Amino acid sequence: MNVTRPARCLLCSFSRAATPGTRVPRRQFHPTPASLTNRKPKFPNVKSSPGENFKPYTEEQKAELAKQYTEAQMAAINAGEAAIDPKDLADQLHERSDPMSFKYLDDFSVIEPGIDHHQRAPLSNSDFKFQFKNNDDFAEDFGRFIAEMPDDATGADFVRWADNLRVTKGKEENELNAPSALVPDFFGPGETIDEPSVSEQKTAAELGVKERSAEAEEMTDALKSLLLATGYTERQVKDLRTKTLVMHSVTNQTRLGKVRRAYRLSIAGNGNGLLGIGEAKSDEAADAKIQSQYRAIRNMQPIPRYENRTIYGDVKGKVGATSLQLMHRPPGFGLRVQHLIYEMCRAGGIHDLSARTGRSRNPMNTVKAAYEALMSQRNPDQIAHALGRKLVDVRKVYYAGKV
Amino acid sequence: MSLVNLSAVCSHLNNATKARLALTSIPNSNLHLKLSLALQNSGYISSVVRGGPTPPPAHPILGYPAANDEVEGIESITRDNVASRRLWLGLKYWENESVLGKVKMVSKPTRRVSIDVEALRRVVRGEDTEFVGGIRSPGESLYLSTDRGILEARECVEKKVGGLVLCRVL
């Protein structure tokens, strides 16, 4: 007896008809639809004869039809008859009964905004600077209509003009073929809600280039010395990923009173293995930020990365009361770390990592400890040298270096 | 098998590497000797020589005491000198870093940790088990006391033996 079936009265089973099997399995915990259609028919030798309902018209029927339709329509009917095999109709023209069939009848010739793929109104149609016409504009339009009116004008001309009269100034498409709320503007590839569309970005970049070239003439001394020290071009410095992670003010107590200054700690990286941190203090917050970023760029050092995605082994770092542990992780794991370390990983180009920050979680010390931990990685080649043994990366060996 | 003495040896090795010593000595016992030889096999230390209270003379070519020194030789153990024997270990350094990073006991004198092959397989792959953490860093080793002597964890997996987990070297 099947344990999962509830116990029933023994006599009941005689009186009841055999339980019809459920046509669709009740519990579908998997996305694959039940393959009902693939079942073999119960009686494979019994088939509905193809073409039974789709016989060609007889001559009599055609004569009847000719009374209803024009010659051109009859020609179309005959052409259709000749073009389509009745057997194909019998095979293909039937209601679908498979699980993926639609629950409603539709010819799918119309795009439904909520159901179908979104149809965008062309971006070029929108014009955000449109204005409604005022009375003077309408008067001007009417004056133009009067001036261009032919000699034999009728009332129909006026009606046509009134129908085509626009009520806004600006792009014509914006009024006549405006983006609809029913057909919402979904984002195109590479487009976000904050940023303009790709075409607009291009113009912005072009504009930016011009501004930058103007800026280049008034390059600051700090930037000049940075470029001199690092050998980077201004373009390369701009492309580096810098982020200010810690910002607070510090106070120096003198006999004149408290002297407050702004403290900033920034990181800089190229997203591909270089990472540096820099800190700066200044009376001006903006100045401290720039200084710390430039120092971070100067301090950039290569961080060892395993397969350019994670670290070699688990490492620990400790600064002050902040002690943390960075752990290597398999491909696709992601960065499951706190935000400060996350930013450092993004800047340094580490993609799989997890971290545990014990004891204090002071932001400044966390960044420093994470940097220390990243730098304290031991290179397997050096370990092999030190031990005097041959160390082999098994992943590389198994996958022929294609990992 | 005294884990108390072994713990003292581990601490002593840590202190000696921090002090950048080239040669250090630990009390002589069979356990210490076998563990030292296992460490030497793995390449963490350069030499293991049984000697007296003073360091044995250096090998003329190698520059540190060697067990296979034909000139000096090794004094055999007698009933008289057995109490004064010590193991002299040559420590290694590479690129301003000690090769023997940190030696840490896994079993404690009050709690001995044994592990079977199944769990050891997971440890070697880097997964944590109940009492033994995974080997997750390059150059990390775990030493076990087994029926076949003191072996590294990977050797144990190869030979399919489990045992008492002694110490972890990073």
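Before we start clicking, one definition: helices (H or I, at least four residues) and strands (E, at least two) are DSSP runs, numbered from the N terminus. And keep in mind that this is a predicted model.

**Stop 1: a loop in chain A.** Select A:Asn308, which you'll find in the loop between S6 and strand S7 (315–319) of chain A. Most residues other than glycine have a negative phi. Is A:Asn308 buried or exposed? It's exposed: the cut-off for that is 12 or fewer other C-beta atoms within 10 Å, and A:Asn308 has 10.

**Stop 2: the sheet.** In chain A, 4 strands make an open antiparallel sheet, in the order S3-S4-S5-S6. Look at the edges, where strand S3 (241–254) and strand S6 (301–302) of chain A each have a single partner strand, so one side of each has no neighbour in the sheet. S6(A) pairs with strand S5 (residues 274–282) of chain A through 2 bridges, in the antiparallel sense. Click A:Leu274 and you'll see A:Pro302 of S6(A) opposite.

**Stop 3: the cores.** Over to chain B. Select B:Leu100, B:Tyr143, B:Leu144 and B:Leu166: in the largest nonpolar core, of 39 residues, these touch the most other members. Helix H1 (residues 3–18) of chain B is the top contributor to this core, giving 5 residues. Why does the core lie between domain 1 (3–98) and domain 2 (106–169) of chain B? Because both domains give residues to it. Another core, of 35 residues, lies apart from this one, and its members include A:Ile277, A:Ala347, A:Ala370 and A:Tyr371.

Zoom in on B:Leu144. Leaving out residues up to four places away in sequence, B:Leu144 touches B:Leu151, B:Ala153, B:Cys156, B:Gly163, B:Leu164, B:Val165 and B:Leu166.

**Stop 4: a loop in chain B.** Select B:Lys160, in the loop between helix H4 (153–159) and strand S10 (163–169) of chain B. B:Lys160 is not a glycine, yet its phi is positive, at about 55 degrees. B:Lys160 is exposed, with 11 other C-beta atoms within 10 Å.

**Last stop: where the chains meet.** Show both chains: 11 residues of chain B contact 13 residues of chain A. The chain B side of that contact has 4 nonpolar, 4 polar and 3 charged residues.

Terms used. Residues numbered from 1 in each chain as written. Chains lettered and ligands numbered in written order. Predicted model: local features only at pLDDT ≥ 70, side-chain atom pairs only at ≥ 80, totals over all residues. Contact = placed C-beta atoms within 7 Å. Nonpolar A, V, L, I, M, F, W, Y, C, P; charged D, E, K, R; others polar. Pairing = 2+ DSSP bridges. Core = buried A, V, L, I, M, F, W, Y, C linked by C-beta atoms within 7 Å. Buried ≥ 20, exposed ≤ 12 C-beta atoms within 10 Å, placed from the backbone. Domains from an automatic or database assignment.
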